[in-house]
Amino acid sequence: MIRNENFRIRTHIIKRLILGNRCRICAKTSELNKDICDDCSVEKIRVPQEILLSFSFTDKNFDNLTAPFYYDEPVRKCIHNFKYKNFKPAAEFLTAELTEVISRDFKDETPDFITCVPMTKIRRFRKNYNHGEVLIKYISKAFSMENTPRLLKKIRNTRPQVALSGKERRENLKGAFAVNQKFDVKNKTILICDDVITTESTLEECAKTLKKAGAKRVICAVCALNNNNF
Ligand SMILES: [Zn+2]
């Protein structure tokens, strides 16, 4: 079916009238003219740009990092709605914010690939989708680029990171990823997008894998930073 912009807007308005308007962050019903309800102010949890600029990457495998928010309410709820309830307006809100910080903080970067943290084939099959793939679909569209969700592969199962200490997390992920042979990353800049950075272990291991394969720069954009670590 061919859908033009007018059709899309009309459908959106009809949906709102029938189903009511839902806040893009908490998914509760909100006033018709508001995309975000009065309870969901995000200004207090925005990461100040000077904090991002103060990060040092000398001892890291990745070379740059940006994020719009700290991992706190109401963004925590928004990420939950996006990841576990497949709530599309939450995905749209998060990726619009990500796009903005990428444009602002990575204006001197020229990524050759946009990718996400991979899952093992079995886990992806069980979950039916990888939320990282959804993020990069939106982000690559915003920058008129192709997205490459299969650039990295997860080649073995790992324990859930949540209950592990920093050192255990690094050990747990060692050698868990590989670069897909279909792609040549030599001398390339790779942008990895993810939802939350809790410790840097996952992005560090992805970046290490890419650097070993010859990548020139690895830059990371996440929806939220854990405020205990940053
Ligand atoms: Zn709300």
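What follows is a conversation about the fold and packing of this predicted model.

Biologist: Before we start, how are residues numbered, and what pLDDT do local features need?

Modeller: Residues are counted from 1 along each chain as its sequence is written. Because this is a predicted model, local features need pLDDT of at least 70 and side-chain atom pairs count only at pLDDT 80 or more, while totals for chains, interfaces and linings use all residues.

Biologist: How many helices and strands does the protein have?

Modeller: The protein has eight helices and nine strands, where helices (H or I, at least four residues) and strands (E, at least two) are DSSP runs numbered from the N terminus.

Biologist: And what share of the residues is buried?

Modeller: Of the 230 residues in the protein, 32% are buried; a residue is buried if 20 or more other C-beta atoms lie within 10 Å of its own, exposed if 12 or fewer, and partly exposed in between, with C-beta atoms placed from the backbone.

Biologist: Which residues have the most contacts inside the largest nonpolar core?

Modeller: That core has 51 residues, and those with the most contacts inside it are A67, L94, I190, I192, C193, A221 and A224. A nonpolar core here is a set of buried Ala, Val, Leu, Ile, Met, Phe, Trp, Tyr and Cys residues joined through C-beta atoms within 7 Å.

Biologist: Which element gives the largest share?

Modeller: Strand 9 does, with eight residues. Domain 1 (1-39) and domain 2 (41-225) both contribute residues, so the core lies between them; these bounds come from an automatic or database domain assignment.

Biologist: What is A67 in contact with, leaving aside its neighbours within four places in sequence?

Modeller: A67 is then in contact with V47, V101, I197, A221, V222, C223, A224 and L225, and two residues are in contact if their C-beta atoms, placed from the backbone, lie within 7 Å.

Biologist: Where does Y71 sit, and why does Y71 count as buried?

Modeller: Y71 is in the loop between strand 4 and helix 3, and counts as buried because Y71 has 22 C-beta neighbours inside 10 Å. The C-alpha atoms of Y71 and A224 are separated by 4.9 Å, although these residues are 153 residues apart along the chain.

Biologist: Switching to helix 8, which of its residues are buried?

Modeller: They are S201, T202, L203, E205, C206, A207, T209 and L210, and the buried residues of helix 8 pack against strand 6 (152-154), helix 7 (166-173), strand 7 (177-179), strand 8 and strand 9. Just after helix 8, G214 takes a positive phi of about 105°.

Biologist: At what angle do helix 7 and helix 8 pack, and which residues meet?

Modeller: The angle is about 35°, with the axes 9 Å apart; axes are lines fitted to C-alpha atoms, for helices over the stretch in contact, and angles run from 0 to 180 degrees between N-to-C directions. R169, R170 and L173 in helix 7 meet S201, T202 and E205 in helix 8.

Biologist: What about helix 6, which elements do its buried residues pack against?

Modeller: The buried residues of helix 6 pack against helix 3, helix 4, strand 5 and strand 8, and the buried set is H131, V134, L135, I136, I139 and S140. In helix 4, where A91 is found, A91 is in contact with F82, V134 and Y138, leaving aside its neighbours within four places in sequence.
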